[in-house]
Amino acid sequence: IELRKDGKVGLYGTALPLPPIYDEIHIPQHLGWVKVNLHGQWGYINHKGQFTEDINQAFLYHSGIFL
């Protein structure tokens with residue numbers, strides 16, 4: 001479920017719930033990294049649900065459909 005508040009976006013009901021603090025969020029359809037835009041800068045979400053620019057620390061998302 002996408003959350004919106006004061007022009008920001010977040011997620012609820014996913015493996016990593018995200019507060020509505022991001023400018024944009026991109027979730028891969030089946031497999032990949034959750035990409036977010038925070039204060040005009042693109043990065044990723046790590047396994048703790050925090051912003052990182054390092055793809056090596058990024059959480060690898062997969063949908064149940066893909067498995």
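## Charged side chains

In this predicted model, the protein chain carries 5 positive and 6 negative side chains, and the centres of these two sets lie 4 Å apart.

## Overall form and surface

The C-alpha trace of the protein chain spans about 35 × 25 × 20 Å along its principal axes. Because a compact globule with 67 residues would have a radius of gyration near 11 Å, the 11 Å found for the protein chain agrees with that expectation.

Of the 67 residues, 31% count as buried, while the accessible surface of the protein chain comes to about 4700 Å², with 54% of that area belonging to carbon and sulfur atoms. Among the contacts with a separation of 6 or more, 24% are accounted for by residues 24 or more positions apart.

## Strands and their pairing

The secondary structure of the protein chain consists of nine strands and zero helices, so that, by the rule that a run of at least two E residues counts as a strand, the elements read β-β-β-β-β-β-β-β-β from the N terminus on.

Four strands form an open sheet, in the order β4-β6-β7-β8, with antiparallel pairing. The edges of this sheet are taken by β4 (24-26) and β8 (51-52), and since each has a single partner strand, one side of each is left without a neighbour in the sheet. Strands of a sheet pair through backbone hydrogen bonds, in either a parallel or an antiparallel manner. Here β4 and strand β6 (residues 35-38) run antiparallel and are joined by three bridges; I25 has V36 in β6 as its bridge partner.

How values were computed:
Residues numbered from 1 in each chain as written. Predicted model: local features only at pLDDT ≥ 70, side-chain atom pairs only at ≥ 80, totals over all residues. Heavy atoms only, no water. Rg over C-alpha atoms; globule rule 2.2 N^0.38 Å. Buried < 20%, exposed > 50% of the residue type's maximum accessible area, 1.4 Å probe, protein only. Contact = heavy atoms within 4.5 Å. Areas by Shrake-Rupley, 256 points an atom, 1.4 Å probe, with all protein chains shown as cover. Lys, Arg positive; Asp, Glu negative; His and termini not counted. Charge placed at Lys NZ, Arg CZ, Asp CG, Glu CD. Pairing = 2+ DSSP bridges.
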